[in-house]
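Try each task before you read its solution.

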Amino acid sequence: MEKMYEALGISREIYEYGQDVLAGLQERFAAIDETAEYNQAKVLRAMQENRVSGACFATSTGYGYNDLGRETLEAVYASCFHTQAALVRPQISCGTHALALALSAVLRPGDELLSPVGAPYDTLEEVIGIRPSPGSLAEFGVTYRQADLKPDGSFDWDAIRAAIGPRTKLVTIQRSKGYATRHSLSVDEIGQLISFCKSVKPDILCMVDNCYGEFVERIEPSDVGADMTVGSLIKNPGGGLAAAGGYICGTQECVEACARRLTAPGLGKEVGANLGQLPAMYQGFFLAPTVTAGALKGAIFAANIYERLGFACVPDATEPRHDIIQAVTLGSPERMEAFCLGIQAAAPVDSHVTPVPWPMPGYDSDVIMAAGAFVQGSSIELSADGPIRPPYAVYFQGGLTWYHAKAGILMSLQKLYERGLMDLKRDR
Ligand SMILES: *Cc1c(COP(=O)(O)O)cnc(C)c1O
């Protein structure tokens, strides 16, 4: 085994350090496997209930009228998320697109949008108009309010109550921390927040940005009252196989509004050719619980390694997990670059390239991204990224298999070590 890792470029010393950390994680890994087993049964049942058949994998082109495969896949998602309806399309380009779609589908001029969990994910700033941008919701007369989390990370109930007014139409709740160092929310916490908002204003709609959260727990935000649960297919639910796409699971009314916004009023869900993408979307969803479990193990392994080396990790080495993201505060741009170089060097694709910080559309500081993925930009595949700004944290996620996640983390460690950017001290 050591020789095989050495062939990959991981020294015996680094490998042994990893094995030592791993020895303490077996119980947590067993619990993750159990959640995956539960969720595998959930997905399997959803596919059986909706009579997925060979005919569902046929390609449709043009308008895509009467697309059995597309309609069945949407029914499978709805069953699995326990919602009335779902919109699952390759025409939804990414997570930001899915979220922008959901927001613009239900918000009208004069409405107010509220985030009760602090600032939303970077790319939503331009969607909402927090950073002025042509075509933003602000340009259409939708205003935005925010209630920040308390310093200890808990909900500020008084501030949330005060922020809900007669114009508040929609509450947006981000499950994952994104590029912030707050904790990610559990589905249970999301449920409490939704109940609270609806108790203050019963007709308020609640949307959850579920990116990176799918299948981490046994329930989803749609099980605790979310009207729309939204995510990307190049993250967890695509299982690494979906080539593109996004989903919105929710009430009949909300999903219909999203469909009319995605295509056109009057057309809604009836059009949208599948372009041959369905087999990968089905199969990816089927594999998603296991793939998510592998990514979770990688995140926990990384936290335990880096925390032992003295770097702050969110979540920390022992906390429960609510998404697959691992933030590691490395404290300098040089360490961020070395970490990302390691992740890149461990990839099956483009392992020979060097990631460099670069301005990215939607982000307001340079971003470094390491991803040697089969699907461009896929972050359910092993990847690391982060904005080059204090506290210089990298956000690590994914791995189609646990073993690949492990190799990537060991390689990141190798690169930091080779460049003299950390001490391999054994402080047990
Ligand atoms: C990934 C992500 C998004 C959407 O990002 P895309 O790159 O557009 O898919 C939105 N919110 C959160 C929390 C995310 O992690």
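**Exercise 1.** Find the helix that gives the most residues to the shell around the ligand.

*Solution.* Start with the model: it is predicted, so local features need pLDDT of at least 70, side-chain atom pairs count only at pLDDT 80 or more, and totals for chains, interfaces and linings use all residues. Residues are numbered from 1 along each chain as its sequence is written, and side-chain values use heavy atoms, with hydrogens and water left out. Next, list the shell, where a residue counts if one of its heavy atoms lies within 4 Å of the ligand. The shell holds Cys-94, Gly-95, Thr-96, Leu-99, Tyr-121, Gln-174, Asp-209, Cys-211, Tyr-212 and Lys-235. Now look at helices, which are DSSP runs of H or I with at least four residues. Helix H5 (residues 95–106) gives the most, with three residues.

**Exercise 2.** Give the distances from ligand atoms to the side chains of Thr-96, Asp-209 and Lys-235.

*Solution.* Look for polar contacts: pairs of N or O atoms within 3.5 Å. Take Thr-96: a side-chain N or O atom is 2.5 Å from a ligand oxygen. For Asp-209, a side-chain N or O atom is 2.6 Å from a ligand nitrogen. For Lys-235, a polar side-chain atom lies 3.1 Å from a ligand oxygen.

Notes: Near = heavy atom within 4 Å. Polar contact = N/O pair within 3.5 Å; in protein donor to acceptor, adjacent residues only side chain to side chain. Helix = DSSP H or I, 4+ residues; strand = E, 2+ residues; numbered from the N terminus.
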